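Good morning. Please look at the sequence and the model for a moment, and then I will go through a few parts of it.

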Amino acid sequence: MDLLNKITDYCNENMTLYGFADIRQYKDVLITKEYCKYDYAISLGLNITDEIIDNLDSDEGRLSYLDAYIETNNRLDDISVYLEKLIKDNGFDAQAVNASYILPDERLVGEISHKFVANLAGLGWIGKSCLLINPDYGPRVRWVTVLTNYKLPTKNERLNSRCGTCNLCVINCPPKAFKNVEFDENEPRDSRYNAELCKEYFDKLEKQGKSRLCGLCVKVCPWVLKNRNNNK
């Protein structure tokens, strides 16, 4: 079995969503210098169940969400490390990028935008919440990335935003961190999202003895509801 079939077989068995992206034209947007040697990426997504997301309004529900959030991130990291090793064992270079690590500086960003890689792989669009919105699962998916120099079959058929006039994530955000602005890769994140407001809100929750998680922008997005209604 060749490497591509090994990768796709593993992803089909373990992932909710996955796709391949050619990132050669987007390195200035995506990646810190140590990752610039890679030309391709595997985007990997696992969904958090509707039962957990739908109960975010309760204290018990928020604890369940925290547990699922941590468990899903850990599973994504395990999967990405497995694929990194698989690719390396077949003679190519690869790098798994941690699902949730935030760089220790004032920017409040990760090592790579997993959501932008997923967008490049055609798995959804980036919404006004700065989350990746998949047509079937909405934003209820956590993402991780594996970078590689193994040439993957990519189409990069990116989905355009379907948010339209919807602003539920904007009006339901407790710290009002979203600016009701559509994603534009040529504009900085600050043009549509104030990450510092989220951080301050999480600090406030922590002082109240609560977890540093919110998730309301995930819950209120109507795309997963549209999918439910269509499948009735």
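I start with Cys-163, which is buried, at 16% relative accessibility. Buried means under 20% relative accessible area, exposed means over 50%, and partly exposed is in between, using a 1.4 Å probe and protein chains only. Before going on, note that this is a predicted model, in which local features need pLDDT of at least 70 and side-chain atom pairs count only at pLDDT 80 or more, while totals for chains, interfaces and linings use all residues. Residues are numbered from 1 along each chain as its sequence is written, and side-chain values use heavy atoms, with hydrogens and water left out.

Back to the cysteines. A disulfide is a covalent bond between the sulfur atoms of two cysteines. Here it is called when two cysteine sulfur atoms are within 2.5 Å. How many disulfides does a search of the whole structure find? It finds zero. Cys-163 is in no disulfide, and the nearest cysteine sulfur, in Cys-169, is 6.6 Å away. Cys-198 is also buried, at 13% relative accessibility. Its closest cysteine sulfur belongs to Cys-173 and is 5.2 Å away, so the two are too far apart for a bond.

Next, the sheet. Helices (H or I, at least four residues) and strands (E, at least two) are DSSP runs, numbered from the N terminus. Two strands pair if DSSP finds at least two bridges between them. Strands of a sheet pair through backbone hydrogen bonds, either parallel or antiparallel. In this model, four strands form an open sheet in the order S1-S2-S6-S3, with antiparallel pairing. Strand S1 (17–22) and strand S3 (94–97) are the edge strands, each pairing on one side only. From one strand to the next, the twist averages 20°. For angles, axes are lines fitted to C-alpha atoms, for helices over the stretch in contact, and the angles run from 0 to 180 degrees between N-to-C directions.

S1 and S2 are joined by six bridges, in the antiparallel sense. One of the residues in S1 is Asp-22, and its bridge partner in S2 is Tyr-40. Tyr-40 has Thr-148 as its bridge partner in S6, and Asn-47 stands opposite Val-141. Is S2 enclosed or open? Seven of its eight residues are buried, so S2 is largely enclosed by the rest of the structure.

Now the helices on the sheet. Contact means heavy atoms within 4.5 Å. Helix H1 (residues 3–14) lies across S1 and S2, at about 145° to S1. H4 packs on the sheet and touches S2, S3 and S6, with its direction making about 20° with that of S6. H4 covers residues 59–89, which is 31 residues, and reaches 45 Å from its first C-alpha to its last, close to the expected 45 Å. That expected span is 1.5 Å times one less than the number of residues. After H4 comes Gly-91, with a positive phi near 95°.

Last, two single residues. Lys-219 is in helix H8 (residues 216–220) and is buried, at 18% relative accessible area. Asn-180 lies in the loop between helix H6 (168–171) and helix H7 (195–207), and is partly exposed at 37%.
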